[in-house]
Amino acid sequence: MKTYRVGICDADLDYATALMDYINAAPENRLRVIAFSGINAVKDYLSVQDLDLLLTDDITDCDEGDEGLSLQSVRVIPLSEYRDCADGWRDESSQEAYIYKYQNAQMIIRSLSSFLTQRSQNRRQISRTIAVYSPLGRCGKTRLAGTIAANDEVRGGLYVSMETFGERPDLLDSNIFYLIKSESPELEEVISRQIELDNGIYRLYLSSSFLDTRDVSFEDMEMLIKCLLKSGRFTSLVFDIGSAAIADMRILSLFDQIYMPVLSDDVSIRKVEVFTKLIKAMGVRNILTRLVKLELPDAEENSSEMVAALWKARNDGGLD
């Protein structure tokens, strides 16, 4: 079961330490808290370690973006001495989210747990975007992507293939990416025609070669996702992304959630460590907070074993 690392940085170090001790001692708790004496100490820590969330009364060095405040791509929730609403907590999707520091500590734990385990998309947004990506081969990535698409119980899911090498030679001449880059008005119609139903799953194959997909920019992918969401036909867009299929790792930040199948052998573990260090070095650490790591059974797509592994990861947050 995944545990979440939370930093607490407050001018009142006694407060930060007491809250850390209380939360870490709480039974059945998935939070592990570290207290810091100042923002510089947080920065030093982030140079070698990770946090899923930072609570602080000092936001002077924080960046403000569409998802709120962040420090070195770690989401920041301000600690406030002032209570402006009943529980000192606002909707997690709001840039005005904060925690009232003097409320009951159990309420703080509940708020943190709610934020960290929520789906990363806006709750008012029906559709969600999911990437299945792994630096490893033969780990079940494609079987998992198909399983996720098959188990959308609202309007159904769409499997979108962006593998390094696809299995469809007939799509080597696919023009979808050309239409995206040229901002063609025909894009929606062409995509609609190319979606096919296979083994009970709707599938869209964008290309059969990484030579096309690696040329896709962050803005191109953003346009494609918006186009697919616009139709409202599916409530889950599940992208099966090959380990070498994208050149700009920022593309992964466009997805609400990223499932990463992993393996337990020593070589695979080291490869995942290399991937993690690369993501940090590229300044897109926020991708790591969206990762759900899981080990998959050697089972067919959408089999009962695969579905069970998926639901277990969704319920417990995956592996650490």
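Leaving out neighbours within four places in sequence, Ser 208 is in contact with Thr 164, Phe 165, Gly 166, Arg 168, Pro 169, Leu 171 and Leu 172; contact here means heavy atoms within 4.5 Å. This is a predicted model, in which local features need pLDDT of at least 70 and side-chain atom pairs count only at pLDDT 80 or more, while totals for chains, interfaces and linings use all residues. Residues are numbered from 1 along each chain as its sequence is written, and side-chain values use heavy atoms, with hydrogens and water left out.

Back to Ser 208. Its place is the loop between β11 (201–205) and α7 (210–213). Helices (H or I, at least four residues) and strands (E, at least two) are DSSP runs, numbered from the N terminus. With a relative accessible area of 6%, Ser 208 is buried. Buried means under 20% relative accessible area, exposed over 50%, and partly exposed in between, with a 1.4 Å probe and protein chains only. From Ser 208 to Thr 164 is 44 residues in sequence, and 7.5 Å in space from C-alpha to C-alpha.

Next, Val 33. This residue sits in strand β2 (residues 31–36) and counts as buried, at 5% relative accessibility. Not counting residues up to four places away in sequence, Val 33 touches Val 6, Ile 8, Met 20, Ile 23 and Asn 24. Its C-alpha atom is separated by 15 Å from that of Leu 79, which lies 46 residues away along the chain.

Now the second largest pocket, with a volume of about 660 Å³. Which of its 24 lining residues are the closest to its centre? They are Arg 5, Asp 50, Thr 276, Lys 293 and Asp 320. On terms: the grid is 1 Å over the protein atoms alone, a pocket is an open set of points where a 1.4 Å probe fits, with protein on both sides within 12 Å along at least five of seven lines, and lining residues have an atom within 4 Å of a point. The volume is the space filled by probe spheres set on the points, which are joined across faces, edges and corners.

The lining divides into nine nonpolar, five polar and ten charged residues. Ala, Val, Leu, Ile, Met, Phe, Trp, Tyr, Cys and Pro count as nonpolar, Asp, Glu, Lys and Arg as charged, and the others, Gly among them, as polar. α9 gives the most to this lining, with six residues.

That brings me to α9 itself. At 1.5 Å a residue, its 16 residues should span 22 Å, and the end C-alpha atoms are 23 Å apart, which agrees; the expected span is 1.5 Å times one less than the number of residues. The buried residues of α9 are Ser 268, Val 272, Phe 275, Thr 276 and Ile 279. Seen down the helix axis, these fall within an arc of 100°, so they line one face; the arc is that of the directions from the axis to the C-beta atoms. They pack against β8 (128–133), β13 (257–261) and β14. The face turned away from the buried side carries the exposed residues Asp 266, Val 274, Lys 277 and Ala 281.

Last, backbone angles. Most residues other than glycine have a negative phi. Asn 199 has a positive phi of about 55°, lies in the loop between β10 (196–198) and β11, and is exposed at 65% relative accessibility. Asn 302 has a positive phi of about 60°, lies in the loop between β14 and α10 (304–316), and is partly exposed at 35%.
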